Amino acid sequence: MAKVAILGLGTVGSGVAEVLTKNADSIARKAGEPVEIKYILGRHDYPDSPFRDLVVQDFSVIENDPEISVVAECIGGTGAARDDTLRALKAGKSVVTSNKEVLAECGDEFFAIAQEKNLNYLYEASVGGGIPIIRPLGSCLAANEISEIYGILNGTTNYILTKMIKEGLSFDTALKQAQEKGYAEADPTADVEGFDACRKICILASLSFGRHVYPAQVPTQGITGVTAQDVALAEAAGMKIKLLGRAILQEDGKVVAYVAPHLIPADQQMAGVEDVFNGIVVRGDAIGDVMFYGRGAGKLPTASAVAADIIDAVKHHDRRQNLDWAPGGDDVVGSFEDLPLRWYLRTPEQDAKIAAVFGGGKTVTAGEEKAVFTGLLTKRELDQQLTDFRVLTCLPVLA
Ligand code: HSE
């Protein structure tokens, strides 16, 4: 019998408890032994929860119980989540998590202790919710040299953009609908400013390329500046606007990672990823492009991935899964400013001015609005061309 503890009884924590309880028989078969929840760390008593008898409010009860072999951290954030993860690992317990924020900031620190103690630190639920992406990257695609990984990594912003595209809603109205449906938080900053997607591309890049890429190294632009005019101009050009996280391996071995709304040709599969769904493309030298698609958030999809990590940690309690990466540094990350991209520029300038600055650029119009699509230019080169040229929106094009 394996005994585990869940940290947090919020959406994900209660989902994990539900899945472990509901599917106890099949989980026991897959883990090789029954998996029992001994404790749930909570902030109060939860009198209405079916799991109330398991709740403890003091982490040291879990830390000091030698029966606990696996801890599922479902707290979120980087404060208590980091402290409790470090304490659990140091106490000889494997840790699994859905917490992309703490992993993107502190993953290398956790892996170092897990290696020293021969424990697992697993995180399948941290990117793409229930979509299997971490194991495929770390195992099934391990024979490939990965050159690029990119995707729609945030369900809330994809829902908002889909509403703007399909129903012509403004950003503010679409955000309000996302909040009413329970997709967006009351404070939607992490989603709409791109911070959540940034953390997720950090995790994917770190795993794919082997060294930690930290959020502070990833230029991040969210969707708050995307307007109905941009959506209409993209449509006029046969494209859709999607928030992408992207990590590209450069010839010098450095990784350029960034987050920004992109214009994507409507016939590309990624452009068809709608509503709260996520889509992730991995480009490998042997496999070519592989795409992963599914529900990237939600209580039970996320809980299913956390519970699978618990099963894995129980089953392989004396053997490490190799999903680690090494610490990062300035030598890991290249400059976004030097990455050649095509650009979409919404501009109030006259045709003659556009032709003078971007001679060969393609222009499109939608009503009074006008945009130019440039050839390949680095951001540095683009900024030099824009010194005397007014731009209302500037976004990369995925092409
Ligand atoms: N807020 C996130 C999203 C939740 O909308 O994708 C899943 O990480």
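## Ligand site

A backbone N or O atom of G155 lies 2.8 Å from an oxygen atom of the ligand. The protein covers 82% of the 260 Å² of accessible area that the ligand has on its own (Shrake-Rupley method with a 1.4 Å probe; for residues, only the protein chains shown count as cover).

The residues surrounding the ligand are K100, N154, G155, T156, D191, D196, K200, G296 and A297, where a residue is near a molecule if one of its heavy atoms lies within 4 Å of it.

## Basis of the model

This is a predicted model, in which local features need pLDDT of at least 70 and side-chain atom pairs count only at pLDDT 80 or more, while totals for chains, interfaces and linings use all residues. Residues are numbered from 1 along each chain as its sequence is written, and side-chain values use heavy atoms, with hydrogens and water left out.

## Largest pocket

The largest pocket holds about 1,400 Å³ of space (a volume is the space filled by probe spheres set on grid points, which are joined across faces, edges and corners). Of its 45 lining residues, T11, V12, G76, K100 and E185 are the closest to its centre. On a 1 Å grid over the protein atoms alone, a pocket is an open set of points where a 1.4 Å probe fits, with protein on both sides within 12 Å along at least five of seven lines; lining residues have an atom within 4 Å of a point.

Helices that each supply at least two lining residues include α1 (11-22), α5 (100-117), α7 (155-167) and α10 (195-209) (helices are DSSP runs of H or I, at least four residues, numbered from the N terminus). The lining divides into 12 nonpolar, 21 polar and 12 charged residues; Ala, Val, Leu, Ile, Met, Phe, Trp, Tyr, Cys and Pro count as nonpolar, Asp, Glu, Lys and Arg as charged, and the others, Gly among them, as polar.

## Second largest pocket

About 250 Å³ of space lies in the second largest pocket. Its lining comprises 14 residues, with L137, A142, N144, L207 and S208 nearest the centre. Helix α10 gives the most to this lining, with three residues. By class, eight of the lining residues are nonpolar, four polar and two charged.

Key. Polar contact = N/O pair within 3.5 Å; in protein donor to acceptor, adjacent residues only side chain to side chain.
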